[in-house]
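I opened the structure to look up a few things by residue. My notes follow in the order I made them.

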Amino acid sequence: MESFDYYEILEIERTSNKDEVKKAYRKMALRYHPDRNPDDKEAEEMFKRINEAYEVLSDDDKRLVYDRYGKEGLHNQGFSFGGADFSDIFGDIFGSAFGFGSSARSKKSSQKYEADFMIRLDLTFKEAVFGCTKTIKSQYKQYCKDCNGTGSEDGKVSTCKECDGKGQVFLRQGFVAFGQTCPKCNGTGETITKKCKKCKGEGFVMASESFEVPIPQGIDNEMRVRVSGRGNEFKNGVRGDLYLLVRVQEDEHFIRHNNDLYIEIPVFFTQIILGAKIQIPSLNGKTLELNLPANSKDKEQFVFANEGVKDVNYNRKGRLIAQIQITYPQSINAEQKELLQKLHQSFGIQSEPHQNIFKDTFEKIKKWFSE
């Protein structure tokens with residue numbers, strides 16, 4: 001398949017926000033819409049690319065993966081794209097302008113539900129970082145065998161007279177047609193005389209199952225895991241895919257940003273003055289040594305390469321970033337106070353730098369009022 005850049009297709013910058021993406025999509029979709037370019041194969045192909053680009057760049061999760069890893073990254077993380085119903089995308093933005101989308105809806109009208117669906121998967125910080133195997137309990141839609149998935153008790157359906165089987169009714173204003181879901185058939189394009197008793201006219205019943213799924217090492221919050229063949233079931237016995245939307249719990253000490261880990265290291269003020277060697281934990285259980293230079297600044301960061309989280313797609317690790325936080329004693333006793341005063345005095349004039357800085361300033365201000 002020929003490769004193309006989504007940003008170039010929509011003629012936008014990589015920094016464009018969602019509104020700019022949507023605006024560019026509208027412009028390009030109108031230009032290459034099939035109704036404006038009949039029998040033009042190049043325009044048709046361009047229109048598909050425009051919709052594929054919009055589908056990815058308008059979705060925060062897909063866009064993040066695409067920006068980092070390209071189209072291959074989307075495939076590796078289980079995102080579906082490029083095979084979407086472009087008519088639905090176009091209809092959502094333009095209100096089914098030009099009557100676009102009606103034919104696609106009529107083709108889908110015999111199927112009362114989507115093949116794929118998504119559920120949430122909660123993971124602990126450890127499970128996400130190191131990978132695990134999770135037992136998934138889900139419910140999926142299974143076509144009703146009593147009515148052969150029609151929802152009709154006698155298995156017969158009729159074309160909706162209100163929308164003529166299109167699933168939509170349209171109000172035309174000149175060149176543009178605005179569509180809305182048919183109120184008679186609720187968008188299916190079909191009507192039934194008597195509802196099936198088992199599925200109550202839905203055309204499907206709910207089934208339950210339990211199975212195990214391997215979760216890859218390094219998976220992150222908001223990523224999705226595709227489980228092939230665990231989606232809803234159609235009449236031919238083929239099932240769609242189940243998508244697991246990952247939610248990762250926060251850790252008490254580590255903060256994760258992509259594949260990098262941050263950890264805050266409390267450092268006593270005397271260690272800042274003297275410098276110190278501090279032992280800090282790492283993900284693999286070994287101890288790392290932080291060589292803290294004297295006079296380090298508060299919030300200063302120290303980086304340990306290849307001590308972060310393994311990338312979910314590639315054999316590489318992020319960084320562990322130790323950020324120091326200077327702490328001071330909440331109270332001191334008499335002996336400590338005396339020692340600190342002696343230390344303070346031992347520095348002589350260095351211990352009161354404000355005197356040298358403001359001495360001339362005081363004199364200058366006095367002259368202001370004496371003039």
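I found Ala43, Met46, Phe47, Arg49, Ile50, Asn51, Glu52, Ala53, Tyr54, Glu55, Val56 and Leu57. I noted that the model is predicted.

I then read the burial of α3 as a whole. Because 12 of its 17 residues are buried, I put α3 down as largely enclosed by the rest of the structure.

I checked the length of helix α3, residues 41–57. At 1.5 Å a residue, its 17 residues should span 24 Å, and I found its end C-alpha atoms 24 Å apart, which agrees.

I looked at the N-terminal end of α3. Asp40 caps it, with a side-chain oxygen 3.1 Å from the backbone nitrogen of Glu42.

I moved on to Arg63, which I located in helix α4, residues 60–76.

I then looked for backbone oxygens by the side chain of Arg63. The backbone oxygen of Ser16 lies 2.7 Å from a polar atom of that side chain. For the backbone oxygen of Arg14, the distance to a polar atom of the Arg63 side chain is 3.1 Å.

I placed Phe347 in the loop between α9 (334–346) and α10 (353–370).

Conventions: Residues are numbered from 1 along each chain as its sequence is written. This is a predicted model: local features need pLDDT of at least 70, side-chain atom pairs count only at pLDDT 80 or more; totals for chains, interfaces and linings use all residues. Side-chain values use heavy atoms; hydrogens and water are left out. Helices (H or I, at least four residues) and strands (E, at least two) are DSSP runs, numbered from the N terminus. The expected span of a helix is 1.5 Å times one less than its number of residues. Buried means under 20% relative accessible area, exposed over 50%, partly exposed in between (1.4 Å probe, protein chains only). A polar contact is a pair of N or O atoms within 3.5 Å; within protein, one must be able to donate a hydrogen and the other to accept it, and residues adjacent in sequence count only if both atoms are side-chain atoms.
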